[in-house]
Amino acid sequence: GVGNPDLRPPQLAVDALKAALDDPAIQNHRYPSFPGLPEFRAGVASFYRTRFGVTVDPATEVLALVGSKEGIAKFMEAHLNPGDTLLLATPCYPAYLGAAALAQARVVELPLLAKNQFLPDLSSIPTEDARRAKVISVNYPNNPTGAVETSEFYQDLLRFARDFDLFVLSDIAYCDLSMDPSYRARSFLEFDRDKERTIEFHSFSKSYSMQGWRVGFAAGNAEAMANLLKIKSNTDFGVFMAIQRAALAVLTGPQDYCERAAATYRARRDAFLAGVRPLGYPVETPRATLYVWLPIPRRFTSSLDFTRELLDRAGVCVAPGSG
C-alpha cells in the first residue's frame with residue numbers, strides 16, 4: 001500500500017557496506033558526526049554539480065539525514081512556531097501532515113488537480129494566507145499523483161516565494177525514477193541558484209531501493225541547514241558511517257541502476273494501465289515515480305471503503321487517497 005520498493009539495492013552499495021563494516025583501518029562503528037562525513041557531503045555536492053549543474057558548499061549547504069522524512073520533520077520544527085502557516089500541495093506524502101501537526105503549524109492546502117496537470121495554482125491562493133505563510137512545500141516528481149514539474153512552474157514558484165517572502169521546501173525523492181525517457185527531473189536549486197530561500201531533500205529510498213538503510217540528505221540555504229542541525233544535534237545522532245560510505249559509493253558511481261529500476265517500474269505501469277483502461281478509468285500515463293493516482297469507482301463515496309473492498313474481494317492492497 002505504500003511506496004516500498006521490492007527491488008534489491010545496487011550491488012555496489014552492498015559491497016561498499018561490507019567493506020566498511022570490515023575495514024580495520026577506519027572505525028566506522030563509533031558515534032557519527034551530526035552533519036555527516038565530509039566525504040559524503042562532498043559527494044552530494046558532486047552529485048548536484050553533475051546531475052543539475054548546481055553548486056552547493058559541502059561544508060555549510062549539505063547535511064546527511066536518516067532519510068528525508070527525518071529532515072523534513074526537523075526543518076519544520078526549526079522553522080515553524082505554533083500557529084505559523086504552511087502552504088502544502090496536496091494530496092501529499094502523509095509525513096508532511098504529521099510533521100506539520102507536530103510543529104503545531106496551520107496548514108493551508110493547495111489542491112493538486114488533473115486539470116492543472118497536478119501543479120498547484122499559485123494565483124488561487126488567498127493573499128491573506130500567502131502573507132501569513134512562512135513555508136511553501138512542493139514535491140516533484142510527485143507522490144502520489146506521479147505528476148512532474150515544468151520550468152515555467154518553478155519560475156513562477158520562485159517569483160511567488162519572493163513576492164511573499166516564503167521559504168521553499170522542495171522534495172525530489174523520485175528525481176531519478178523517470179518512466180518517460182524524454183523527461184529528466186529538475187532541482188528547484190536550478191532556479192534558486194543562490195540558495196536564497198530553498199531547502200531541498202533527497203533520499204536513497206526510491207531511486208536506489210535502499211529504503212531500509214535510512215539515508216538521505218538535504219541541500220540548500222546555509223542558515224536553514226544550521227537551524228535544522230541544531231534540532232538534529234539535540235535529538236539524535238548522524239547516519240551510521242558505514243551506510244554513509246555505501247551511499248557515497250552509489251551516489252558517485254555509475255547511475256545505470258536507476259535506469260534499470262525505472263525500466264522495471266515502467267513495465268509494471270504499462271501492464272497495470274492496460275488492465276484498468278478498459279474498465280473506463282480516466283488516467284494519464286504517469287511520466288515518473290512508481291505511482292498511479294486513480295479516482296475511485298462512482299458507486300463509492302469513500303476511498304477507504306473502496307480500498308477495503310479491494311483487499312477483501314481481490315486480495316489487492318492499495319493506499320486510500322484519504323490517507
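This is a predicted model: local features need pLDDT of at least 70, side-chain atom pairs count only at pLDDT 80 or more; totals for chains, interfaces and linings use all residues.
E1 and E7 run antiparallel and are joined by four bridges. Which residue in E7 is the bridge partner of Val62? It is Ala219.

Now select E6 as well. E6 pairs with strand E7 (residues 216-220) in the antiparallel sense, over five bridges. Across this pairing, Ser203 stands opposite Gly216 in E7.

Widen the view to the whole sheet. Seven strands make up an open sheet with mixed pairing, and their order is E1-E7-E6-E5-E4-E2-E3. Which strands stand at the edges? They are strand E1 (62-65) and strand E3 (106-111); each has a single partner strand, so one side of each is left without a neighbour in the sheet. On average, neighbouring strands of this sheet are turned by 20° against each other, direction ignored.

Select helix H2 (residues 38-52) to see what packs on the sheet. This helix touches E1, E6 and E7, and its direction makes about 65° with that of E7.

Asp192 is buried yet has no salt bridge. How far away is the nearest side chain of opposite charge? That side chain, Arg162, is 4.7 Å away, and a salt bridge needs the nitrogen and the carboxyl oxygen within 4 Å.

What does the side chain of Asp192 reach instead? At 2.9 Å from it is the backbone nitrogen of Arg197. Leaving aside residues up to four places away in sequence, Asp192 touches Leu158, Arg197 and Thr198.

**Salt bridges**

Side chains of opposite charge can pair when their charged atoms come close. A search of the whole structure finds 21 salt bridges; three of them are stops on this tour.

Select Asp236 and Lys74. Their side chains meet in a salt bridge, at 2.3 Å from N to O. Asp236 lies in the loop between helix H7 (222-235) and helix H8 (241-252), while Lys74 lies in helix H3 (residues 68-79), so the pair ties together parts that are 162 residues apart in sequence. Is Lys74 buried or exposed? Lys74 is buried, with a relative accessible area of 10%.

Move to helix H6 (residues 151-163) and select Asp156 and Arg159, which are three residues apart, or about one helical turn. Their side chains form a salt bridge, with N and O at 2.2 Å. Asp156 is partly exposed, with a relative accessible area of 35%, and Arg159 is also partly exposed, at 47%.

The next pair, Arg313 and Glu309, is in helix H10 (residues 303-314). Arg313 forms a salt bridge with Glu309, and the closest N and O atoms are 3.0 Å apart. Arg313 counts as exposed at 68% relative accessibility, whereas Glu309 counts as partly exposed at 24%. The two residues are four apart, about one turn of the helix.

To finish, select Glu70, Lys74, Lys232 and Asp236 together: salt bridges that share partners join these residues into one network.

Conventions: Residues are numbered from 1 along each chain as its sequence is written. Side-chain values use heavy atoms; hydrogens and water are left out. Buried means under 20% relative accessible area, exposed over 50%, partly exposed in between (1.4 Å probe, protein chains only). Lys and Arg count as positive and Asp and Glu as negative; His and the chain ends are not counted. A polar contact is a pair of N or O atoms within 3.5 Å; within protein, one must be able to donate a hydrogen and the other to accept it, and residues adjacent in sequence count only if both atoms are side-chain atoms. Contact means heavy atoms within 4.5 Å. Two strands pair if DSSP finds at least two bridges between them. Axes are lines fitted to C-alpha atoms, for helices over the stretch in contact, and angles run from 0 to 180 degrees between N-to-C directions.
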